[in-house]
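Q: I would like a close look at a single part of this structure. Please put that part in the setting of its chain and of the neighbouring chain.
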Amino acid sequence: MIFKGKAHKYYDNIDTDVIIPARYLNTSDPNELAKRCLEDLDKEFVNKVQKGDILVAGRNFGCGSSREHAPIAIKACGVSCVVAKSFARIFYRNAVNIGLPIVECEEAVDGIETGDEVEVDLATGSIRNLTKNKEFKAKPFPEFMQNIMKAGGLIEFVKGELKKDA
Amino acid sequence: MSKPMTMSQKILAYHAGKEYVEPGDLIFANVDLVLGNDVTTPVAIKEFEKIGVDKVFDKDKIAIVPDHFTPNKDIKSAQQCKMVREFAKKYEITNYFEVGEMGIEHALLPEKGLVVPGDLVIGADSHTCTYGALGSFSTGIGSTDMACAMATGKCWFKVPEAIKFVLYGKKTGWTSGKDIILHIIGMIGVDGALYKSMEYTGEGLKSLSMDDRFTIANMAIEAGAKNGIFEVDEKTIEYVKQHSTKPYKIFKADEDAEYSEVYEIDITKIRPTVAFPHLPENTKTIDEITEKIYIDQVVIGSCTNGRIEDLRIAAKILKGRKVKKGLRCIIFPATQNIYKQALKEGLIEIFIDAGCVVSTPTCGPCLGGHMGILADGEKALATTNRNFVGRMGHPNSEVYLSSPAIAAASAVLGYIGSPEELGMKGDEE
């Protein structure tokens, strides 16, 4: 899985309340959620983001609530992949479970600016900043999680497991 | 002889049917309870239906509590609650709690005896970590996890490393469980326990009530932790016997279990602590706040501090006093039982006489849902757990976090201050 797009970079501790404020959680429609993605952090984000773009952030991305609406909103607004220094754990598992690719890499985050063209190869863990001609190496995705991603998310994975048991 | 393990490792190993699990291991484990609310369950229902099973794994081991936008704040939330209610009916979910019998989920489940020591609990709400106070492994997950667990009774886990907090000494003055956890988050930061377990032990636990422990475990997520867990003692057992008939199992950490860090904390020295906007780690003790921070709203309640002891402390301070003119003080008992107990003890009358408004249980104001939304530029002091940008309303509003004692005193003062400023000394037993 290779993703290529323009980077949108933000800072540390981007929480689920700014990713998708609770006032919009009276719906779970991905398209509705996508319209409000990151609204309290950057009102222009949803207008700027284009299909395939890459979200880049600092430490502890997605901290706070368990709301799966957060990764759903990010995925639905066209973001192909999130690169951060670290992820909050519930966000991490939610992203894996719904099949939103996420990559942890400190050096890459430090070496990418908003507007840079970035390419991420999930299989090899390679992150390339095409604008600045730099390459970074992320920790490999554990096989267990690759299997969930390959299945297309946890639901498909569990369906497969249930079939095996039957 | 198996290798030494922490409390969390032991509970996870037991539920995965293994003798030993190591931090970093990825496992599937059987869960004792799966929780969801009116915000997270609708997403879970959609996912559950994709799996294609015709029943849930165990109708007695799922709890659904519509508490975020209830009583329904608008048509969309009413639709969401309807969806949840119909799901609960269709699959005969035993522990579905409707308005009138419900409460804020994390106060309600222990009160109903649904969680006991040794349980493995997952909930599609980040503050599910609250039940660690009972010596269970409980952690927040998302809706897809909830859906899969409702179908299979299992969830995947990465076994966490643990940080050990050895508490000693006794609480003094107005210090409460809330001050201890704010102190800890201030010390290690909002990602200080990222992916890890926070284990509490030491003779200092003796001076902590169960309500203190629920508050401390509740905010483990605010340090990034997977779970917070307390060693089980007589107080835990007494609480469980009063609330539950479920069999329980005590898992004690091995003496030589490995921890990534060990902190020794003298709780005698912890002073009332306030978290400043916009992160729970931005803490100052009440003595370090030199400027007067005037506030527009005080909120006392939530899954963090809406329990009976919290209301008793607030009432003690508000009794015979008035909320500062121009300030709104909103009080939320966390469950119907707590509400009733507060009525019996005359606390509700004290609140109303002081000029507070008392609400039915709801998570509403804590997450900027309803019942206390802040306008542009307003400041609130809340006993809730988060003070992120826009948490309680307008993105230009500010939330400060504190204990019920500080919140109640501040409601009277009009600015953030301590009951000591009102001439009240804290209890020293």
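How far apart do the end C-alpha atoms of residues 39-100 of chain A lie, and what percentage of the span is helix and what percentage strand?

A: The end C-alpha atoms of residues 39-100 of chain A are 20 Å apart, and the span is 35% helix and 13% strand. Helices (H or I, at least four residues) and strands (E, at least two) are DSSP runs, numbered from the N terminus.

This is a predicted model, in which local features need pLDDT of at least 70 and side-chain atom pairs count only at pLDDT 80 or more, while totals for chains, interfaces and linings use all residues. Residues are numbered from 1 along each chain as its sequence is written, chains are lettered from A and ligands numbered from 1 in the order in which they are written, and side-chain values use heavy atoms, with hydrogens and water left out.

The span has a name in a record: an unreviewed UniProt entry annotates residues 39-100 of chain A as "domain: Aconitase A/isopropylmalate dehydratase small subunit swivel". Such annotations may be inferred rather than shown by experiment.

Now the whole chain. Chain A has eight helices and seven strands, and its C-alpha trace spans about 50 × 40 × 25 Å along its principal axes. Asn13(A) is not a glycine, yet its phi is positive, about 55°. Most residues other than glycine have a negative phi.

Next, the neighbour. 44 residues of chain A are in contact (heavy atoms within 4.5 Å) with 51 residues of chain B. About 3,900 Å² is buried between chain A and chain B, 60% of it from carbon and sulfur atoms; buried area is the accessible area (1.4 Å probe) that two parts lose on being put together, summed over both. In chain A, the residues that lose the most area to chain B are Asn26(A), Arg89(A) and Arg93(A), together 19% of what that side buries.

Arg93(A) also forms a salt bridge with Asp145(B), with the closest N and O atoms 2.7 Å apart. A salt bridge here is a side-chain nitrogen of Lys or Arg within 4 Å of a carboxyl oxygen of Asp or Glu, and three are found across this interface. Several helices of chain A each supply at least two residues to the side that touches chain B, among them H4 (69-76) and H5 (89-98). H5(A) gives the most, with eight residues.
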